[in-house]
Amino acid sequence: MSELKVTPLKPRAQQGEAATVAAKTTVIEGKPTDTINPSNLREEHKRRQNQQQARISDTDREALLRMLYHMILIRRFEEKAAEAYTLGKIGGFCHLYIGQEAVAVGALAALRPDDYVLTSYRDHGHALALGTSPDEVMAELYGKAGGCSAGKGGSMHLFDADKHFLGGHGIVGGQIPLATGVAFAAKYKGTDQVTLCFFGEAAVNQGAFHESLNMAQLWKLPCIYICENNQYGMGTSLERSMSLSDVSKKSGGYGLVGEFVDGMDVLAVREATARAVERARKDSLPSLIEVRTYRFMGHSMSDPGNYRTRAEIEKYQERDPLKVFSANLKQKGVINDAAVKEIEDRVRAEVERAIKFADSSPEPAPEELYTNIYANPIKQ
Ligand SMILES: Cc1ncc(C[n+]2csc(CCOP(=O)(O)OP(=O)(O)O)c2C)c(N)n1
Ligand SMILES: [Mg+2]
């Protein structure tokens, strides 16, 4: 076996310089922390609609349409996936992203194509927003050979190396130290690539989250930790499981910049992520962003959802990120009904094609059982 050589990030002689950088960055900067008042969501809704309309005026039309297209694609794709699941065409676990589309679409719109992305098992939206073909994503849900993980990963383990999408991870919080390592590798190699790591708020109670944030700030890694706080981990609410439920404030324990963002506003998410991307790319600094969101469906397809009331779900559905965004775009004259219909028609055709592709794609061949499992498999 060859010897593994690890070079320290900075020679000891330069520690003075590192200390100056550290001193400069211990102040927790970023935007003042936002809050959402859950007791009067209607009022919040109005206030935030105005904010989004102001952001629309400052954003390029093509970028706005691309975001709307991706949000519609994710929504319609998953509605179809739910149907296919009910028909028994998809096996195993299947966690839908409906309600959370603004998070992946907004955050990924702030990245460069060569940046890295990792997320949890609730991963369909991230893959689609990164541009993985809906055909390959649907075929993967079906466990077919044409899937983006060759049918061996399924819904929870989407992967697309060309898009620098490193999964889809089933272990809660498992992707957080992996993403930290990916960011370390980028820094070690001297590239200016940024790593985006998505996870749910239940993962924040895992030790791996805290260990990763500590190392990321200590070593100044270009990693952005995005907590998709949908307020439930399976059937357990945030309030019942977390002593300090302000996730963004946990950044303070490790000296990172922490921000709280409304996850129902795609443009607010994009803006906050862009700020974090700049910190990571220019100054090699990590950030923690808490994005407050809500999942409209059950935890997975097999969740009867007895732990939430219909009234609670409906309250959040009034702030449906897709409806709010398209209504605001219309209000600001960026699109009209005909333009929305055009996108809907295009998406419908793409999703139909994905279903046909998945239906006709072959099962993985038995001899593929041991291929692509390890990077360097031991030859028998
Ligand atoms: C280490 C580990 N513990 C428990 C589970 C079972 N489990 C699967 S999803 C989940 C809840 C995670 O909730 P959250 O992180 O908030 O993400 P969300 O599902 O809301 O997107 C749990 C406990 C698991 N997959 N891995
Ligand atoms: Mg959650």
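**View 1. Five strands line up as an open sheet in the order 1-2-3-7-6, with parallel pairing.** This is a predicted model, so keep that in mind for every view here. Strand 1 (116–118) and strand 6 (257–262) sit at the edges with a single partner strand each, so each has one side left without a neighbour in the sheet. On average, and ignoring direction, neighbouring strands in this sheet are turned by 20° against each other.

**View 2. Zooming in on the sheet, strand 6 runs parallel to strand 7 (residues 287–292).** Look for Val257, which stands opposite Ser287 in strand 7. Helix 10 (residues 266–283) packs on the sheet, where it touches strand 3 (223–229), strand 6 and strand 7. The direction of helix 10 makes about 175° with that of strand 7.

**View 3. Helix 6 (residues 134–141) packs with helix 13 (residues 337–360) at an angle of about 45°, their axes 8 Å apart.** That angle makes helix 6 oblique to helix 13. The crossing of helix 6 with helix 13 is right-handed. On the helix 6 side, the contact comes from Pro134, Asp135, Met138 and Ala139.

**View 4. Back out to the whole protein chain, and you get 13 helices and seven strands.** Of its 380 residues, 42% are buried. Among contacts in the chain with a separation of 6 or more, 76% link residues 24 or more positions apart.

How values were computed. Residues numbered from 1 in each chain as written. Chains lettered and ligands numbered in written order. Predicted model: local features only at pLDDT ≥ 70, side-chain atom pairs only at ≥ 80, totals over all residues. Axes fitted to C-alpha atoms, helices over the stretch in contact; angles between N-to-C directions. Helix = DSSP H or I, 4+ residues; strand = E, 2+ residues; numbered from the N terminus. Parallel < 35°, antiparallel > 145°, perpendicular 65-115°, else oblique. Left-handed = near helix turned anticlockwise from the far one by under 90°. Contact = placed C-beta atoms within 7 Å. Buried ≥ 20, exposed ≤ 12 C-beta atoms within 10 Å, placed from the backbone. Pairing = 2+ DSSP bridges.
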